[in-house]
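Please look over the sequence and the model below. The paragraphs that follow lead through it step by step.

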Amino acid sequence: MAQAQRITPRAKDFSEWYNDVIMHAELADYSPVRGCMVIRPHGYRIWELMQGALDGMFKATGHRNAYFPLFIPMSFLAKEAEHVEGFAKEVALVTHTRLKATGKTGAGAVMVDPTSELEEPLVVRPTSETIIYAMFAKWIQSYRDLPLLLNQWCNVVRWELRTRLFLRTTEFLWQEGHTAHVDEADAEREARTILGVYRRFAEEWMAMPVLTGVKTESEKFAGALRTYAIEALMQDNKAIQGGTSHNLGQNFARAFGVQYQTAAGGLEHVWNTSWGVSTRLVGGLIMTHSDDNGLVAPPQLAPVQVAIVPIWKSDEERGQVSGVGGQVKADLERAGVRVELDLRDNVKPGAKYFEWEALGVPVRLEIGPRDLAAGQTMLARRTGGKAPTPIAGVVAAVITALAEIQRGLLEAAKQRREQASIRGVTKAQFIEFMKGSGGFAYGGFCGGGTCEMEIKEQTGATIRVLPDPEFRSREAPKTCMWCGKPSVAEAVWAQAY
Ligand SMILES: [Zn+2]
């Protein structure tokens with residue numbers, strides 16, 4: 001009980017709460033290297049489940065996995081002008097290859113060997129467009145080699161100054177898809193397909209509703225023609241960019257000479273796309289669903305979906321309840337459910353409940369001697385509610401509960417998002433909204449970078465997306481909510497992570 005109470009309530013300090021949830025669920029920890037994080041087994045399992053689901057979706061849409069090196073020659077980054085500008089301020093460099101002993105002791109016992117300086121420094125990949133397209137130039141000759149649809153699962157490094165566990169860390173894990181196409185239409189189709197995959201994953205697996213749309217010029221990826229994104233609203237009404245999909249046009253193909261022979265015998269540059277989601281999604285999952293008792297994991301991505309907690313006083317009772325518990329566990333596992341049986345002797349049932357709660361386990365089954373006598377178990381949901389369930393039908397009841405919890409979480413998150421959204425804002429309303437509760441503000445936008453900059457400076461809000469048709473307001477705004485000039489598109493603003 002004491003443990004659950006140590007989680008700072010959301011209403012008191014959201015950011016403290018977020019860190020407490022992570023620590024109590026043992027998802028991650030701070031590392032000896034500033035800005036980096038250690039992902040602990042429970043957190044890593046969530047990532048593995050995310051990977052498994054996404055990887056299946058990528059393969060089902062024709063993509064194959066490959067692996068490219070961690071190091072990129074520094075000169076590669078200079079080849080695409082916007083790209084280098086976008087990443088120059090946050091790259092880690094390898095300049096030397098050796099240390100040597102100094103003969104001293106302690107911290108000064110080794111130094112960089114000055115004779116080992118590299119002729120050309122290597123960049124630790126912040127993203128892999130440059131090295132992948134250098135290889136594409138070698139592999140693509142003819143229209144018959146296209147489309148080329150690759151993905152890689154890896155780590156990247158972006159030297160961040162202000163970091164937060166999962167949301168922004170100097171090194172993070174992600175997947176980056178890289179594709180090459182014969183023309184703009186095919187590249188556009190690909191960028192859109194992946195946006196759809198990301199949305200489906202966010203909603204069906206994470207139970208995290210998202211808006212989809214295109215980024216403005218100032219928010220797009222460095223070197224892209226267009227960037228599409230999924231955006232979700234967290235419980236503190238700040239937005240999180242969950243994933244991006246870029247139509248890169250021919251920018252990188254020109255920089256790296258990726259050309260192909262057309263069916264008619266001409267020579268053309270390919271059209272590229274790139275797209276990624278990262279361990280940041282784990283942060284999004286935490287902030288979408290969790291409560292003051294700790295992590296709430298959507299069943300689809302919960303490392304443990306069911307915790308069975310037998311209750312006993314005597315050894316004889318222990319034998320009975322753990323026997324039935326073991327049988328229920330085996331039955332659930334056969335049905336594909338991830339389940340743990342908690343037979344620890346040195347922890348009281350109440351304390352076990354709090355622990356499994358903090359870990360985000362969606363369903364808890366309590367089996368005591370009295371339940372056993374009645375042929376039932378108590379089925380408690382992490383999201384609230386507890387009911388006796390006949391042991392004979394427990395597998396079906398658990399599967400139903402998991403599905404209902406999954407649906408309920410998505411529904412609740414959607415409702416919360418809609419309650420924190422305002423449409424057709426005026427400038428005055430907008431300023432008040434962003435000063436107050438915050439959330440998604442829909443309004444007219446003139447397309448001007450000046451308005452975007454002023455809004456960011458005065459309210460901290462940025463345009464998250466120019467939303468896709470299904471998210472737009474029924475009536476298109478006529479004027480820019482900030483400057484009053486004619487609106488070119490409806491925009492959605494929010495303060496963001
Ligand atoms: Zn304007």
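In which sense do strand S12 and strand S13 pair, and over how many bridges? Strand S12 (residues 226-233) and strand S13 (residues 239-249) pair in the antiparallel sense, over eight bridges. Within this pairing, glutamate 231 stands opposite glutamine 241 in S13. Strands here are DSSP runs of E with at least two residues, helices are DSSP runs of H or I with at least four residues, and both are numbered from the N terminus. Two strands count as paired if DSSP finds at least two bridges between them.

The model is predicted, so that local features need pLDDT of at least 70 and side-chain atom pairs count only at pLDDT 80 or more, while totals for chains, interfaces and linings use all residues. Residue numbers start from 1 along each chain as its sequence is written.

The protein chain holds 15 helices and 25 strands. Its radius of gyration, taken over C-alpha atoms, is 26 Å, close to the 23 Å that the globule rule (2.2 Å times the number of residues to the power 0.38) gives for 497 residues, so the chain is as compact as a globular protein of that length. The C-alpha trace spans about 80 × 70 × 50 Å along its principal axes. An automatic or database domain assignment divides the chain into domain 1 (7-91 + 126-289), domain 2 (92-125), domain 3 (304-401) and domain 4 (421-494). The C-alpha centres of domain 2 and domain 4 lie 50 Å apart.

S12 and S13 belong to an open sheet of eleven strands, in the order S3-S9-S10-S16-S13-S12-S11-S24-S25-S23-S22, with mixed pairing. Its edge strands, each pairing on one side only, are strand S3 (64-65) and strand S22 (421-422). Helix H7 (residues 184-205) lies across S10, strand S11 (211-214), S12, S13 and strand S16 (271-278), and runs at about 165 degrees to S13. Such angles run from 0 to 180 degrees between N-to-C directions, with axes fitted to C-alpha atoms, for helices over the stretch in contact.

Strand S10 (residues 171-181) contains glutamine 175. Glutamine 175 counts as buried because it has 20 C-beta neighbours inside 10 Å. A residue is buried if 20 or more other C-beta atoms lie within 10 Å of its own, exposed if 12 or fewer, and partly exposed in between, with C-beta atoms placed from the backbone. Leaving out residues up to four places away in sequence, glutamine 175 touches Leu54, Asn151, Gln152, Trp153, Gly276 and Val277; contact requires C-beta atoms, placed from the backbone, within 7 Å.

A second topic is the core. The largest nonpolar core has 122 residues, and Met206, Ala232 and Val492 have the most contacts inside it. Such a core is a set of buried Ala, Val, Leu, Ile, Met, Phe, Trp, Tyr and Cys residues joined through C-beta atoms within 7 Å. H7 gives the largest share of this core, nine residues. Beyond its neighbours within four places in sequence, methionine 206 is in contact with Phe201, Leu281, Leu285, Pro298 and Leu301. Helix H9 (residues 280-289) is mostly covered, as ten of its ten residues are buried.

Another open sheet has three strands in the order S4-S8-S5, with antiparallel pairing. Strand S4 (71-73) and strand S5 (92-96) are its edge strands. S5 and strand S8 (residues 117-124) are joined by four bridges, and histidine 96 has glutamate 117 in S8 as its bridge partner.

Definitions and conventions:
Two residues are in contact if their C-beta atoms, placed from the backbone, lie within 7 Å.
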